[in-house]
Amino acid sequence: MALREAKKLLRTKVRASLRALDAEVIAEQSEAVARALWGSELYRSCASIGIFLSMPQGEIQTASIIRQALADQKRVYVPRVGLDFEKFDMEMLRIDHLLSSADEIETMWPRNKWKIPEPPVLEGEEQLAYADGAASTIDLLIMPGVAFDRLGNRLGQGKGYYDRYLEKHSATPPTLVGIGLTPQFLNDDETIPVTEQDVTLNAVISPSSGYTMI
């Protein structure tokens, strides 16, 4: 109970700081993180990348990362959770072969209850490739979070989507990189309350410190 309450208080604190950021600051910090990612060996060497699509407000924007990954001809996977919210389940679906332009994500894709674009449900889903086996392994998974610390701990939104996804695909684990805006990175003397079941990141990228391996 104490752990759950500590996480809840930290989420409240960080979310309040994020609400204070205006769109210009979010855009600047998002681009700083994107540049640091593109310059990393992890990005340059990966053949496939999984990355989240951003909420409209209060979150780092990932559109430029997705656009560059498509331009670099990487296999690109994005989450879809909207088919059954009650299951708190998530799949990563390959999209690079479906798009003629990255603009289609914003202009043509349906949005879930958080107003986040998600891959449309296609009849039979023959065109969608799920990241569910060795043939479709995600090399690099870019993870969102409410907060991150210097030890590579991540505080999520509390729904457990990524925890369950990673547990289900633990046979072929990707390299995990957390990205966020400045208020989401704790001071060096602060840590996120975690359990043994929580997954540790391999690296984090912040707007001020750039790319940091754990």
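Reply: Helices (H or I, at least four residues) and strands (E, at least two) are DSSP runs, numbered from the N terminus. By that rule, the chain has 6 helices and 10 strands. Keep in mind that this is a predicted model, where local features need pLDDT of at least 70, side-chain atom pairs count only at pLDDT 80 or more, and totals for chains, interfaces and linings use all residues. Residues are numbered from 1 along each chain as its sequence is written, and side-chain values use heavy atoms, leaving out hydrogens and water.

Let's zoom in on helix H4, which covers residues 63-71. Its buried residues are Ser-64, Ile-65, Ile-66 and Ala-69; buried means under 20% relative accessible area, with exposed over 50% and partly exposed in between (1.4 Å probe, protein chains only). An α-helix has 3.6 residues a turn, so residues three or four places apart point the same way.

What sits over those buried residues? The cover includes helices H2 (23-38), H3 (41-45) and H5 (103-108), along with strands S1 (48-51), S2 (75-80) and S8 (175-179). After H4 comes Gln-73, with a positive phi near 60 degrees.

Strand S2, one of those covering elements, is also where you'll find Arg-80. Arg-80 is itself buried, at 6% relative accessible area.

Now zoom back out: of the 214 residues in the chain, 46% are buried. Contact means heavy atoms within 4.5 Å, and among contacts between residues at least 6 apart in sequence, 73% join residues at least 24 apart.
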